Amino acid sequence: MTDKTTDAVKTTDVTPPDSTVVRAGTLSYLFPRRSALIAVALSLVIALVTALAAFASSTSMPFSDTVAGLLGTGDSATVMLVRDFRLPRIAVGLLVGAALGIAGCLTQTLAGNRLATPDIIGVNDGATAAVVASVVGSSTGMIGDWWLGPLGAIGAAVLVVLCAGGAGHRGYRVLVVGIGVSTLIGAITDLVMSRENDNTAGGVFLWTVGSLNGRDWGVGTPLALILLILVPLALVAGNRLQMLRFDDDMGSALGVNVRLVRACSLALAVALAGVAVGIAGPIAFVALAAPVIAARLTGPARVPVLGSALTGAALIAAADALGRVIAPVEIPVGVVTSVLGGPFLLWVLFGSNKTGAES
Amino acid sequence: MTKTTTDVAASPATGLGLTVEALTAGYPGRTAVAGVDLELPAGEVTAIVGPNGCGKSTLLRAIARLHKPDSGTVRAGDADVWQLTRRRAAHRIALLPQSPQAPEAVTVAGLVRYGRHPHQGLFRQWSREDERAVRSALEATGTAELAGRRLDQLSGGQRQRCWLAMVLAQETPVVLLDEPTSALDLGHGVEVLELVREVAAGGRTVLMVLHDLAAAARYADTLVAMNDGRVVAQGPAREVVSSELVKELYGIEADILRAPGDDSPVVVPRRG
C-alpha cells in the first residue's frame, strides 16, 4: 500500500497544468502557456476584425487597399481615409469592448455567477441616467460629456452597496438590490426622454441602445489612457480574485484580505463599465458573453481577465462592422449585440455546464 | 501508513505551540467566549467539545483570525497572531472550515496547490519548496492517486482527505479543524481522525472542534470541555470525562464505560 502511494507521488505531476515553470534562484514564474496561446489567437482575430471593419465602411475600396491603409503602406489618400476616418471608431469600439469584457469578468467572479454583469448591478443604468440627464440642461439637445458616465456608474454602485449593507457574502444581496436600483434609475432615463422633443429624444434613444457612431479620438484618447491604468490593476485583481473562489473563511485562512480584494475588484469593475457606457452607451451582452467565452477558451484554472478584454474587444468591433453592412441604414452596435446576445443568454442559462477539469 | 508519518514529521513546520490567554469574544449583545485560557503543546491533538452554542466555534474563529476578539491574546509560538499580517498569520496557522467551498471544477492537485498561496508572490509563483510541500501533502494523506481527478467527483471521505492535504501543504505549525468528521460515516470519520493523529505525531499542534464526545475522547490527547463560553474541564480524556461532566454539558444522564485496549471513556446515555 505504502509503495503504491510512493509510486503515485513520483509519477504525479503537481505542477499547474498548461503552464511552464521558469525558475532563477529563489525566484519562480509560471508562464501560462494556454492563456498566452489564446491571447495571441484572439489578437489575430482582433487584427482581422479591424481590417474587415475598416473595409466594411460605406465607401467602396478594395480589401487590399484597406489593409495597406491600416498599415500605412498605401497611397496618402487611402491612408488618410482609413486611419483618420475609419480607424478611430474601430479603436474606440475595441477599447470599449475590452473595458466591458473586464468589468463583466470581475463582477461574474465576485458574485460567483455568470449572470452577474455590470448591467445587473445598476452600473450601466447609473451611467446612462447621468449622461442622459445632462441633456436636460443643454440648449442644443446634444448628449452630455462622456465622463458623466463613470460618475453616474459610481453613484449607482455606491447606492447599491449602501442599500445592500456592504459588498460581503458573495454579493448576492448586491445583485438583488442592484436589480431594484437599476429599475429605479432606468425610470429617470425614461422620464428625461419623455420630457424632450422628438428630435432630441431620438438622439438620446440612439445613445441609450449603445452606439459607436461618430466616436473618434476625442473620446478614444482619454479612454485609452484610463484603460492604461485600470487594465494592469484588473490583471492584479484577477490574480487575487482567484482566491475568492473559496468561501470567505477559507480565503482568509489562506492569508487573503477578502474584503479588500472584493472592494477593489468591485471598484475597478464599476470604473471600467462606467467609462465604457459613458462613451458608447450601454451596449448589451458584451460584459456577459466575453468572460464566458474567455473562460471556455482558457480553462477554469485562472480568472480570464486578459482573455475577457480581448474577446470583448473583438465582439464589439465585429458587431459594429456587422451593423454597418447588413442594412442600408446603419444599425447601432447595441442593437446588434442585443439581437445576438439573446440566443447566447439562453445558451448560458440552459446550455451545458461543463467547464472541464483543470488538467 | 507508517511511512507517511515520517513524511509529515520531515516538514519544517513544526514545534510551535499555541497559547490562548484570557480570550473574550462575542457578538453585539452576547458574549460567546468569556475569558478562555489554553496552552496547547506541539505534537498533540486537542479537541474542544461542548453543546451547541457553547462558544467553541467562536473560540476557533478567534484563533484563526476570522473573528476579532474583544480582549485577550492568541499566540502561535512567540508571536501574537492578531498582530501579524494576514499572510504571516497564514504561515503559522491553517484552518479547515466545517464545510469549505472549493473553486468550480478544481482538481485535487489544484486544490492542494492553493494551500501554498500564503508562501507565494508575484515572483515566487511556484518554487521547488511549493512542489515538495504539495507532493508530501498528497502522499501523507494518501491522495496522490487522486491528484488528477476532479474534487467534485470524489466521495465525501476522499474529499475530506484532499482538504486535509491542502491544509498540510500550507505547512503551518498550528492546524485548526472545525468538525472535520461531521459529514462523514463512521469508517471515513475514523480514517480522517487517524490522519489527524499522524499530523500531530509529525510535530504540529492540532486543535479541533468535535461534536462527537466519544470520538474526541478516543482521538484527542487533551479534551477541552466548554459550556456557556467558559472552559469547564480540561485534561486527558480518561481523567476528564465523567457522568457529571456529561450532565453539565448536555443535561443528560449517562454512564461512562472504558474501551478495551486503551481505557478511553465511552459515553452511554441512559434511557429514560
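Student: Among contacts in chain A between residues at least 6 apart in sequence, what percentage join residues at least 24 apart?

Tutor: This is a predicted model. Two residues are in contact if their C-beta atoms lie within 7 Å. Take the chain A contacts between residues at least 6 apart in sequence; the share joining residues at least 24 apart is 72%.

Student: How many helices and strands does chain A have, and what share of its residues is buried?

Tutor: The secondary structure of chain A comes to 14 helices and two strands. Chain A has 359 residues. A residue is buried if 20 or more other C-beta atoms lie within 10 Å of its own. By that cut-off, the buried share of chain A is 50%.

Student: Which element supplies the largest share of the side of chain B that touches chain A?

Tutor: Contact joins 40 residues of chain B to 33 residues of chain A. On the chain B side, H3 (86–92), S6 (93–96), H4 (108–114) and H5 (128–140) each supply at least two residues. The largest share is five residues, and it comes from H5(B).

Student: Which class counts describe that side of chain B?

Tutor: Sort the residues of chain B that touch chain A by class. The counts are 20 nonpolar, eight polar and 12 charged.

Student: Which residues does Leu176(B) touch, not counting residues up to four places away in sequence?

Tutor: Leu176(B) is among the residues with the most contacts inside the core. Leaving out residues up to four places away in sequence, Leu176(B) touches Leu60(B), Ile63(B), Ala64(B), Ile93(B), Ala94(B), Leu95(B) and Leu207(B).

Technical notes: Residues numbered from 1 in each chain as written. Chains lettered and ligands numbered in written order. Predicted model: local features only at pLDDT ≥ 70, side-chain atom pairs only at ≥ 80, totals over all residues. Helix = DSSP H or I, 4+ residues; strand = E, 2+ residues; numbered from the N terminus. Buried ≥ 20, exposed ≤ 12 C-beta atoms within 10 Å, placed from the backbone. Nonpolar A, V, L, I, M, F, W, Y, C, P; charged D, E, K, R; others polar. Core = buried A, V, L, I, M, F, W, Y, C linked by C-beta atoms within 7 Å.
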